[in-house]
Amino acid sequence: MTNLPKSLIEKLDREFVVNPLKQRIVQESQDGTVKYLFELSDGMLIETVLMRQHYGLSVCVTTQVGCNIGCSFCASGLIPKQRDLTSGEIVAQIMLVQKYFDERGDGERVSHIVVMGIGEPLDNYDNVMNFLRVVNDDKGLAIGARHITVSTSGLAPKIREFAREGVQVNLAVSLHAPNNEIRSRMMRINRQISIEQLFAAIEGYIAVTNRRVTFEYIMLNGVNDGVEQAQELADLTKKIRKLSYVNLIPYNPVSEHD
Ligand code: SF4
């Protein structure tokens with residue numbers, strides 16, 4: 001834009017980025033899942049996944065480079081957090097996935113977002129909230145709040161804060177175990193925030209929002225998938241049964257952990 005004053009061009013150059021991501025690798029599977037490797041402006045790499053669901057195209061976005069939560073079943077947690085993504089870098093993941101489909105010219109649109117990629121979204125709270133406003137706004141990507149799900153490993157104080165935001169997006173909690181003994185083995189975060197503290201925050205969230213919470217539960221053979229654990233899980237969620245449900249997930253082996 002050579003018609004702008006030089007000082008303004010310099011300021012824009014210093015303070016703004018137009019294309020925060022570069023597409024490095026794209027892999028498409030037979031079931032329609034597409035994996036993207038993006039490079040950030042500082043050279044760091046992140047992954048985004050497009051899933052083809054019966055209800056539409058759903059993008060799983062990354063919110064941090066690496067992750068400090070350290071879940072034992074997760075490959076992303078092997079790399080400690082390098083930095084938070086900006087809200088622009090999170091929005092750009094959706095835009096580049098949409099561009100990929102636009103270039104095919106078959107008119108498919110991204111309709112759903114899950115904030116479940118690399119990183120703990122509520123540990124990058126302000127940028128994730130800003131991202132949610134941009135993708136939901138009619139002047140942004142206009143994706144309905146009810147088509148967006150934020151997943152947390154269970155940062156109880158942030159769940160309380162999230163409840164007060166007044167947003168209509170869905171909340172998912174990675175529970176994965178019905179008691180502290182198993183959960184602390186699977187998820188380091190449970191050693192700081194116990195199941196009792198987590199459930200107090202979730203019950204508070206439901207009381208404020210009257211919205212349903214999804215519990216994610218990865219089934220690990222002989223670890224958390226017995227009848228005894230199923231009973232414990234039923235007891236744990238009894239109080240909020242009408243406003244919660246459990247999503248059982250098959251384990252996806254991570255070679256580094258085998
Ligand atoms: S919080 Fe998410 S990204 Fe981080 S280690 Fe756990 S499962 Fe992996």
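Visitor: Why is N210 called exposed?

Guide: Exposed means over 50% relative accessible area, buried under 20%, and partly exposed in between, with a 1.4 Å probe and protein chains only. N210 has 56% relative accessibility and therefore counts as exposed. The model is predicted, so local features need pLDDT of at least 70 and side-chain atom pairs count only at pLDDT 80 or more, while totals for chains, interfaces and linings use all residues. Residues are numbered from 1 along each chain as its sequence is written, and side-chain values use heavy atoms, with hydrogens and water left out.

Visitor: Where is N210 placed, and what is its phi?

Guide: N210 lies in the loop between α6 (195-209) and β10 (213-219). Helices (H or I, at least four residues) and strands (E, at least two) are DSSP runs, numbered from the N terminus. The phi of N210 is near 55°, a positive value in a residue other than glycine. Most residues other than glycine have a negative phi.

Visitor: Why does A142 count as partly exposed?

Guide: A142 has 44% relative accessibility, so it counts as partly exposed. This residue belongs to the loop between α3 (125-136) and β8 (148-152), and its phi is also positive, near 55°.

Visitor: What makes E89 buried?

Guide: E89 has a relative accessibility of 4%, and therefore E89 counts as buried. E89 is found in helix α2 (residues 87-104). Contact means heavy atoms within 4.5 Å. Leaving aside neighbours within four places in sequence, E89 is in contact with P20, L21, L40, S41, R83 and D84.

Visitor: Why are α4 and α6 described as roughly parallel?

Guide: Axes are lines fitted to C-alpha atoms, for helices over the stretch in contact, and angles run from 0 to 180 degrees between N-to-C directions. The axes of α4 (residues 156-163) and α6 come within 9 Å and cross at roughly 0°. Angles under 35 degrees count as roughly parallel, over 145 as roughly antiparallel, 65 to 115 as roughly perpendicular and the rest as oblique. Therefore α4 is roughly parallel to α6. Among the residues making the contact are I159 and F162 of α4, and L198 and Y205 of α6. By class, this contact has 10 nonpolar, 2 polar and 1 charged residues. Ala, Val, Leu, Ile, Met, Phe, Trp, Tyr, Cys and Pro count as nonpolar, Asp, Glu, Lys and Arg as charged, and the others, Gly among them, as polar.

Visitor: How do you know that β3 and β4 pair?

Guide: Two strands pair if DSSP finds at least two bridges between them. Strand β3 (residues 45-53) and β4 are joined by 5 bridges and run antiparallel; R52 stands opposite L57 in β4. On β4 and β7 (residues 110-115), 4 bridges give a parallel pairing, with I113 of β7 as the bridge partner of V59.

Visitor: What makes β4 (residues 56-60) mostly covered?

Guide: In β4, 4 of its 5 residues are buried.

Visitor: Why are β1 and β11 called edge strands?

Guide: The open sheet has 9 strands, in the order β1-β2-β3-β4-β7-β8-β9-β10-β11, with mixed pairing. The strands β1 (21-28) and β11 (244-250) each pair on one side only, and these are the edge strands.
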